Amino acid sequence: MQRRLMLMRHAKSSWKSQVPTDHERPLNERGRRDAARVGKRLAKLGWVPDFVVSSDSRRTEETWERIQKTFPNARVRFTRVLYAGGPSELRSEVARLSGDVRTVLVLGHNPGWEEAVTELSGREMRITTANVVLLEGGGATWREALRGPWSVAGVVRPKQL
């Protein structure tokens, strides 16, 4: 079965906020704007997730809030595991998905997402804020699909919209 894995880095966050921890840092104005624009572009391209797995940080939750209107049928799960996660955490979370999920959007952070793209596809790629990398692969289950190979099918960058 064809599987699509979208890795999205959270939108631009505010370094000026007075929150006590990095986990609680919100988006800034540009981040709020970019997230909405990227969501619309994903829908236009037909990159529509059946399921979303997201870090539970404030900035990833706010990124999802800005794009969820574009994908009203997507189910979502927030998890602390992806907050400082990389390829192994991504694999463990995605492997838990049911077989009927064909396209998943995984919302998280760097450097983990750049490492995950490299590990899954063999391609090094810079992923700045609100970038989305679409990977395509196959497998009867997500666990099987995550063994690879994956290919980079496209990239959306807000600076190019």
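## Charges over rings

The charged end of Arg25 lies over the Trp15 ring, 3.6 Å from the ring centre. This is a predicted model.

## The aromatic pair

The count of aromatic pairs comes to one. The partners are Trp142 and Trp150. Their rings are stacked, with 6.3 Å centre to centre and 10 degrees between the planes. Planes under 30 degrees apart count as stacked, so this pair qualifies. Both Trp142 and Trp150 are buried.

## The sheet

Six strands build an open sheet. Their order is β3-β2-β4-β1-β5-β6, and the pairing is mixed. The edges are β3 (75-79) and β6 (151-156), each of which pairs on one side only. From one strand to the next, the twist averages 20 degrees.

Strand β5 (residues 132-138) runs antiparallel to its partner β6, and five bridges join the two. At one of these positions, Leu135 has Val152 in β6 as its bridge partner.

## Helices against the sheet

Helix α4 (residues 112-121) packs on the sheet. It touches β1 (2-9), β4 (103-108), β5 and β6. The direction of α4 makes about 155 degrees with that of β1.

Helix α2 spans residues 58-67. Its buried residues are Arg59, Thr60, Glu62, Thr63, Trp64 and Ile67.

Key:
Residues numbered from 1 in each chain as written. Predicted model: local features only at pLDDT ≥ 70, side-chain atom pairs only at ≥ 80, totals over all residues. Heavy atoms only, no water. Pairing = 2+ DSSP bridges. Helix = DSSP H or I, 4+ residues; strand = E, 2+ residues; numbered from the N terminus. Axes fitted to C-alpha atoms, helices over the stretch in contact; angles between N-to-C directions. Contact = heavy atoms within 4.5 Å. Buried < 20%, exposed > 50% of the residue type's maximum accessible area, 1.4 Å probe, protein only. Phe/Tyr/Trp six-rings, centres within 6.5 Å; stacked < 30°, edge-to-face > 60°. Lys NZ or Arg CZ within 6 Å of the ring centre and 35° of its normal.
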